[in-house]
Amino acid sequence: MTTGDGRLIAIASGKGGVGKTWLAVTLAQVLARHGLRVLLADADFGLANVDVQLGLQPARDLLGVLSGRVPFEAAVLHHEAGGFDVLPGRSGSGALAGLPAEAVEHVAALLRHAAAGRDAVLVDLGAGLDAATRRLSALADTLLVVATDEPTSLTDAYAVLKLHAADRPGGDSRIVVNQARDLASGQRTAAALQHACRSFLRREVALAGVLRRDDRVKDAIRRQAPLLSRHPGCVAAQDVEALARNLRG
Amino acid sequence: MRIRVIRAATMQEAMARLRQELGPDAVLLSSRRAGGGVEVTAGMEPEDEEEPLLIQPLPIVAPPPLARVPPPAESHDAAALAFHNLPELLAQRLGGGVLEARLEATLRFAALPDGVARPLLLAGPPGAGKTLTCAKLAARRLLAGETAPLVVTTDTERAGATEQLASFTRVLGATLAVAATPGAALKALARRAPTQPALIDTAGTDPFDPGSARRLAELVAVTRPAVALVLPAGLDPAEATDLARAFAALGATHVIPTRLDAVRRLGGVIAASHSAGLQLTEAGTGPEAAGGLVALDPAWLAARLRVRRHADMSPPREAPP
């Protein structure tokens with residue numbers, strides 16, 4: 001990824017609670033520190049919480065954009081400490097949770113448009129595999145699929161990769177292992193998932209990075225601050241930095 | 001993918017248990033030493049099941065009754081045929097006598113298969129009106145107090161296609177089976193009652209595209225239906241003829257012209273059915289699901305050719321008692 005290439009990076013997991021939103025926030029901060037113009041869009045329709053992790057109280061959000069009340073850029077906030085822009089979603093919105101196909105296409109067009117004026121747009125997708133999540137996964141230039149070593153997470157991450165292969169043949173999907181005990185165990189988890197993709201999908205899926213378990217992540221989330229603002233040199237921050245370099249490489 | 005993690009004293013024991021639980025197709029994904037023994041993780045990918053999804057109907061709400069058609073109008077047959085832009089030879093053949101008799105001698109007319117002995121499959125190019133025609137046929141049976149048909153759609157890719165048909169079948173009291181594959185369609189058909197008719201709505205087919213044609217051919221081969229081409233009126237006669245011949249090669253034996261309420265010239269429909277030997281059955285003459293289909297016969301068609309217009313008509317004929 002280079003300055004000005006407007007890359008759309010979606011982050012999915014299938015299973016909830018594996019650190020998808022935290023990764024989206026932290027990766028946005030790392031890329032911003034690389035000097036890139038980054039937008040983090042909360043596309044977890046109905047259960048958005050990027051704003052919660054960042055301690056934002058947005059007056060405008062994606063729902064306002066889709067209802068036509070708010071222009072897209074007017075709903076975008078700049079997070080000073082993080083150094084990146086945020087398009088908040090809205091948690092608990094029935095309208096967003098049941099987004100019709102036409103509205104999802106509208107979101108897709110908005111994200112594409114936003115990417116054209118920036119270096120990267122990170123899209124935090126919802127857990128599960130609903131039609132909106134699949135559509136936005138297929139839209140992305142790169143899909144990061146977050147998994148942990150739990151069997152349920154592996155199964156769900158594999159399901160995301162399988163459907164992405166069907167929806168976007170030849171698309172760029174990569175694995176991120178989160179909450180790994182150490183780098184070696186994370187790589188083993190990734191290898192298991194890669195082996196499943198090779199065996200059942202006849203598809204090679206690259207490993208984007210292994211993120212080690214780090215208690216300072218919980219601390220940052222609890223304090224509603226991006227990780228690098230509180231613990232810039234911690235293990236998890238180093239791993240996300242390595243992931244960002246891998247993405248840009 | 002189904003994942004199973006097993007701990008055992010030895011690798012052999014772990015593998016034996018995995019094979020026992022996941023079967024011979026299980027793939028070993030990872031293994032490591034754990035607790036004095038081994039921990040293995042294996043996965044197994046079940047084959048995607050070819051099961052149709054069934055969308056059950058809502059309680060029946062009867063649509064309004066069919067309107068009676070207006071009385072006939074008169075016109076000169078030769079001028080009418082010229083207006084409809086028929087190919088020259090066909091126009092000559094139809095022009096040599098009483099129009100009704102010439103149509104009967106030149107074209108083939110038949111009732112639309114009822115879908116009981118064999119399902120009735122509606123095929124055609126994209127946007128021809130297959131789904132609406134399917135809804136009309138289902139609605140007509142319901143209005144006549146007959147058994148609700150099983151409606152099967154294989155159009156699972158076009159955005160909103162299933163929901164469009166489901167919105168009809170829910171109200172009509174018909175069950176909609178959504179079948180992504182020919183095998184799923186066959187399974188759905190196998191579940192209907194012995195005398196229950198079946199209608200199959202298909203995705204738009206480009207018969208000149210090998211992949212698209214193959215998909216329709218596979219569906220026809222598996223479900224063994226009577227195939228009706230849903231053909232929009234108003235096409236250039238040469239284009240319509242090419243399409244009809246291509247669909248006939250894929251198994252179409254009947255034709256349902258549509259959009260007769262939206263176009264004036266019928267040369268394309270007549271040339272296509274004549275050239276491909278397709279039997280003219282019914283015609284779509286309106287957008288409403290309740291009604292908007294008329295049985296085609298020489299008298300109706302002659303009247304429609306003579307009036308030369310589409311607005312405010314079905315053609316002049318008394319509705320059957």
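Student: What makes A:E241 and A:R245 a salt bridge?

Tutor: A salt bridge needs a side-chain nitrogen of Lys or Arg within 4 Å of a carboxyl oxygen of Asp or Glu. In A:E241 and A:R245 the closest N and O atoms are 3.4 Å apart, so the pair meets that rule. Before we go on: this is a predicted model, where local features need pLDDT of at least 70, side-chain atom pairs count only at pLDDT 80 or more, and totals for chains, interfaces and linings use all residues. Residues are numbered from 1 along each chain as its sequence is written, chains are lettered from A and ligands numbered from 1 in the order in which they are written, and side-chain values use heavy atoms, leaving out hydrogens and water.

Student: How are A:E241 and A:R245 placed in helix α11 of chain A?

Tutor: They sit 4 residues apart in that helix (residues 235-248), which means about one helical turn separates them. Helices here are DSSP runs of H or I with at least four residues, strands are runs of E with at least two, and both are numbered from the N terminus.

Student: Why is A:E241 called partly exposed?

Tutor: Buried means under 20% relative accessible area and exposed means over 50%, with partly exposed in between (1.4 Å probe, protein chains only). A:E241 has 24%, so it falls in the middle class.

Student: Which residues do salt bridges with shared partners join into one network?

Tutor: A:D219, A:R222, A:R223 and A:R230. Over all chains the count comes to 27 salt bridges.

Student: What about A:R37 and A:D119?

Tutor: Their closest N and O atoms are 3.1 Å apart, and they form a salt bridge. A:R37 is in the loop between α1 (20-33) and β2 (38-43) of chain A, and A:D119 in the loop between α5 (101-116) and β5 (120-125) of chain A; the two are 82 residues apart. A:R37 is partly exposed, with a relative accessible area of 44%, while A:D119 is buried at 0%.

Student: What lies 3.1 Å from a polar atom of the B:R192 side chain?

Tutor: The backbone oxygen of B:G115. B:R192 itself lies in the loop between α7 (182-190) and β9 (198-201) of chain B. Contact means heavy atoms within 4.5 Å, and, not counting residues up to four places away in sequence, B:R192 touches several residues, including B:V116, B:L150 and B:P197.

Student: How do you know that β6(B) and β9(B) pair?

Tutor: Two strands pair if DSSP finds at least two bridges between them. β6(B) and β9(B) have 3 bridges, in the parallel sense, so they qualify.

Student: What makes both faces of strand β6 of chain B covered?

Tutor: B:L120 and B:L122 on one side and B:L121 and B:A123 on the other are all buried.

Student: Why are β1 and β2 of chain B said to stand at the edges?

Tutor: Three strands form an open antiparallel sheet in the order β1-β3-β2 (chain B). β1 (2-8) and β2 (27-34) of chain B each have a single partner strand, so one side of each is left without a neighbour in the sheet. β2(B) is joined to strand β3 (residues 37-44) of chain B by 7 bridges, running antiparallel, and B:S31 has B:V40 as its bridge partner in β3(B).

How values were computed:
A polar contact is a pair of N or O atoms within 3.5 Å; within protein, one must be able to donate a hydrogen and the other to accept it, and residues adjacent in sequence count only if both atoms are side-chain atoms.
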